[in-house]
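Hello,

Here is the structure I promised to pass on to you. Please have it open while you read, as my notes follow it piece by piece.

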Amino acid sequence: MLAVKLKDTYKDLDGQKVTMQGWVRTNRGSKKAGFIELNDGSTFSNVQVVYKPEQTADYEAVSKITLGSAIEVTGTLKATPGAKQDYEIQADSVEVLGASDHEYPLQKKRHSFEYLRTIPSVRPRANTYYAMFRLRSVLSMAIHRFFQDRGFVYVHTPIITGNDAEGAGECFTVTTRADDKYDQDFFAKHAQLTVSGQLHVEPFALTYRNVYTFGPTFRAENSNTTRHASEFWMIEPEMAFADLSDNMDVVEDMIKYCINYVLENAPEEMAFFEKAIDKDCINRVKAVAESDFKRMTYTEAIGHLEQAKDQFENQDIFWGMDLQSEHERYICEQVVKGPVFLTDYPKEIKAFYMRENEDGKTVAACDLLVPYVGELVGGSQREERYDVLKKKMDDLGMNEGSLDWYLDLRRFGGCRHSGFGLGFDRMLMYLSGVQNIRDVQPYPRTPRNLIN
Ligand code: 4AD
Ligand code: MG
């Protein structure tokens, strides 16, 4: 018997006997005929299994197969163009490979995302997640393609690290003990989960020129928002001899490439999001792929915010402030109406490694802000001058030695270089229109939420 997956099912198989395995989405039986919507995991579409008393063995038993059960169907495949499903199988037999009991939590009706998050065993089978987690896979491939086609070397930076790359103090401690005696712990020093692979990828950029890391990162920010997760994935390219403007060019090219790639390689999933989540998502992202991303300095942005002060909850607008999400959204949604790079932030509100500008007040930073999501990318040109970086680290009290290796890179052929971090999960929100970061992640981790 020809075992097929729906994804590979083409017209040649029309009229042939096939065997297909999958999970039951719906099952409706009557006296004369019954219908199972079967999803075999290979594609978003279902296949319709038609069973009839005169053709199908154990008709009664088949009509009682419960939702969620794993089955194997053998029968004749028919193309049914124009019908809800493109194919149907006229079943000779249906064998239950794994029955689902009557407490199967996914019923035909629409469930809330909050509820679905509480049932991790079957959550990926709900339509939105089914589409999302394949989109996640396709987008990962897009990222690798983009960089690999351009000769970037993929570097695996460590998950366990001895330093807080962002210096923001938002690290999870790694310990084998329940108390806080790190000094007696496994590594004989304070170990933590990485917040960013950047510092560890920089030596590779000063070896291979163009590199990237793409992996999980962890932040112990106790902010319960729809855009922050405690565990999320980040793409961090790093490029030798590149300045801030080159850096922004790469961000823009990468995002456009990713949009085109998913439209081409996940068309069913994107069509689903357009139908069920965000009525305009395909046109919206297509327009982004065809637009020129604007660039604006932080100082200019402050000017815009001062003029629109009254609209904000936080009306205390001044040069030097850290922008809040309402301010960022105002700039990209109201002023620019599209993606915008904000550049040259005050040095006090940015990380220690960013290159100080000639004015002595700002650093060569770029954040990409986009409508709906806010900050999608954070990047900068790095401080390559040993003395300037050393002084900065000393001033910030970062002199306990754990970053000497990082500083040393400036002594051994350290030169102009730049890089950025793209929040992978936020990119998925941007593409799909899904509003909560918890709903783009297979196993979301957020404060007070670790259900499995
Ligand atoms: O702006 P961030 O903190 O930059 C860095 O970590 C740099 N070391 C990157 C680099 O230059 N190599 O984070 C980068 C991006 C943000 O713009 C955002 O999209 C995402 O990572 N991000 C988060 N996504 C989900 N949950 C969180 N808690 C996030 N924090 C940052
Ligand atoms: Mg940032």
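Helix 3 (residues 127-149) packs against helix 6 (residues 267-276) with the axes 9 Å apart and an angle of about 140°. Helices here are DSSP runs of H or I with at least four residues, strands are runs of E with at least two, and both are numbered from the N terminus. Axes are lines fitted to C-alpha atoms, for helices over the stretch in contact, and angles run from 0 to 180 degrees between N-to-C directions.

Before going further, please note that this is a predicted model: local features need pLDDT of at least 70, side-chain atom pairs count only at pLDDT 80 or more, and totals for chains, interfaces and linings use all residues. Residues are numbered from 1 along each chain as its sequence is written, while chains are lettered from A and ligands numbered from 1 in the order in which they are written.

Back to the helices. Helix 3 and helix 6 are therefore oblique to each other (under 35 degrees counts as roughly parallel, over 145 as roughly antiparallel, 65 to 115 as roughly perpendicular and the rest as oblique). Their crossing is left-handed, meaning that the near helix is turned anticlockwise from the far one by less than a right angle; clockwise would be right-handed. Helix 3 brings Asn-127, Thr-128, Ala-131, Arg-134 and Leu-135 to the contact, and helix 6 brings Glu-269, Phe-272, Phe-273 and Ala-276. Residues are in contact if their C-beta atoms, placed from the backbone, lie within 7 Å. By class, five of these residues are nonpolar, two polar and two charged (nonpolar: Ala, Val, Leu, Ile, Met, Phe, Trp, Tyr, Cys and Pro; charged: Asp, Glu, Lys and Arg; polar: the others, Gly among them).

Helix 3 also meets helix 12 (residues 424-432): the axes come within 11 Å and cross at roughly 115°, and this crossing is right-handed. Met-132, Leu-135, Arg-136 and Leu-139 of helix 3 touch Met-427, Leu-428, Leu-431 and Ser-432 of helix 12. That contact has six nonpolar residues, one polar and one charged.

What surrounds ligand 1? There are 24 residues around it, the closest being Ser-196, Gln-198, Gly-378, Gly-421 and Gly-423 (a residue is near if its C-beta atom, placed from the backbone, lies within 6 Å). Strand 12 (231-240), strand 16 (374-381), strand 17 (417-423) and helix 12 each give two or more residues to this shell. Strand 16 gives the most, with six residues. The shell has eight nonpolar, nine polar and seven charged residues.

Eight strands form an open sheet with mixed pairing, in the order 7-11-12-17-16-15-14-13; strands pair if DSSP finds at least two bridges between them. Strand 7 (153-154) and strand 13 (294-297) are the edges, each pairing on one side only. Helix 5 (residues 244-265) packs on the sheet, where it touches strands including strand 12 and strand 16, and its direction makes about 30° with that of strand 17. Strand 7 pairs with strand 11 (residues 210-218) in the parallel sense over two bridges, and Val-153 stands opposite Val-211.

Elsewhere, strand 6 (residues 87-98) pairs with strand 4 (residues 47-51) in the parallel sense over three bridges, with Glu-88 as the bridge partner of Gln-48. Strand 5 (residues 70-79) pairs with strand 6 in the antiparallel sense over ten bridges.

Best wishes

Methods
Contact = placed C-beta atoms within 7 Å.
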